Structures are given as C-alpha cells and as structure tokens.
Amino acid sequence: MAEPERTERRLRPAPLLFEPSEAVADPEHFFDLESIEDPRELLARATELTLAFRAAQERAMEFQALAAAALADVRRFDRMSPAAIAERAEWTEDYARKMIEFGESLQHPEPS
C-alpha cells in the first residue's frame, strides 16, 4: 500500500515559489506561456525556461549530493548509511554512494 503513495508523491512537481497561487490552481497555466500568441516569442520564452530548469536541476542535484555527503559523514553521531540515505531519497544504494562521493568532491575540491 505504501508503494503507490510514494509513486504519486514523486510524480507531482514541487511547487514553484515564484508563481502566484491563482496561476498554480489552473492546470493549463505554465509561466504564462499559454497566453503568448507569437510563435517566435513562445519559442524564445519556452527555451529560456528550459535552460533555467536545467540549471536549477543541476544545482538542486549538487545540493542533494552535499546533503548526502553530510549525512554520511563519519564525524556525525547520527551518521546515516548509504542504504538509509538511498531509502530516504528514493535512490538505489549504488546511486547514493555515487552521490555521497560527488558531495564529498564538492565539499573538498581539488586545487587546480
């Protein structure tokens, strides 16, 4: 029973803090793209949003990695195992290990 609830939660996007609540209530609304009539303008704006979301996704993944590395830090009294981190983040254990390593590399970058 818990598995379908998890899947449903995962499919819903996180609320976007800068969109007005009235706009979020309208399922057809997406950053006012539906109101742009000129296809050139629509393409330009949609491309801007695509690039912004890609950048946001990459940045969010870096924060996930930093958090995973912090949670796995041996100096923490409440340290979590890669398996526990994987369960919490809905990752595989192998992916959790890779994210922990990535987070550690972000915390301690090698000098150029």
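This is a predicted model: local features need pLDDT of at least 70, side-chain atom pairs count only at pLDDT 80 or more; totals for chains, interfaces and linings use all residues.

Analyst: Residues are numbered from 1 along each chain as its sequence is written, and side-chain values use heavy atoms, with hydrogens and water left out.

User: What pattern does the protein chain follow along the sequence?

Analyst: Helices (H or I, at least four residues) and strands (E, at least two) are DSSP runs, numbered from the N terminus. The protein chain has five helices and zero strands. Read along the sequence, the pattern is α-α-α-α-α.

User: What percentage of the residues of the protein chain count as buried?

Analyst: Buried means under 20% relative accessible area, exposed means over 50%, and partly exposed lies in between (1.4 Å probe, protein chains only). Of the 112 residues of the protein chain, the buried ones come to 17%.

User: Which helices do the buried residues of α3 pack against?

Analyst: The buried residues of α3 are Leu49, Ala65, Ala68, Ala69 and Ala72. Contact here means heavy atoms within 4.5 Å. The helices that these buried residues pack against are α4 and α5.

User: Is α3 roughly parallel or roughly perpendicular to α5?

Analyst: Axes are lines fitted to C-alpha atoms, for helices over the stretch in contact, and angles run from 0 to 180 degrees between N-to-C directions. Angles under 35 degrees count as roughly parallel, over 145 as roughly antiparallel, 65 to 115 as roughly perpendicular and the rest as oblique. The axes of α3 and α5 are 7 Å apart, at an angle of about 95°. That makes α3, relative to α5, roughly perpendicular.

User: How many nonpolar residues are in the contact of α3 with α5?

Analyst: On the α3 side the contact includes Met61, Ala65 and Leu66, and on the α5 side it includes Tyr95, Met99 and Phe102. Ala, Val, Leu, Ile, Met, Phe, Trp, Tyr, Cys and Pro count as nonpolar, Asp, Glu, Lys and Arg as charged, and the others, Gly among them, as polar. By class, this contact has three polar residues, two charged residues and, as nonpolar residues, 12.

User: How is α4 placed relative to α5, parallel or perpendicular?

Analyst: Helix α4 (residues 82–89) and helix α5 (residues 93–107) have axes 8 Å apart and pack at about 105°. That makes α4, relative to α5, roughly perpendicular.

User: How many charged residues are in the contact of α4 with α5?

Analyst: Pro82, Ala83, Ile85 and Ala86 in α4 meet Glu93, Ala96, Arg97 and Ile100 in α5. By class, the contact has six nonpolar residues, no polar residues and, as charged residues, two.

User: What is the N to O distance in the salt bridge of Glu93 and Arg97?

Analyst: A salt bridge is a side-chain nitrogen of Lys or Arg within 4 Å of a carboxyl oxygen of Asp or Glu, and by this rule the count comes to six. Glu93 and Arg97 lie four residues apart in helix α5, about one turn. An α-helix has 3.6 residues a turn, so residues three or four places apart point the same way. The N to O distance for Glu93 and Arg97 is 2.8 Å.

User: Which residue forms a salt bridge with Glu48?

Analyst: Glu48 is partly exposed, at 47% relative accessible area. The closest N and O atoms are 3.2 Å apart, and the partner is Arg45.
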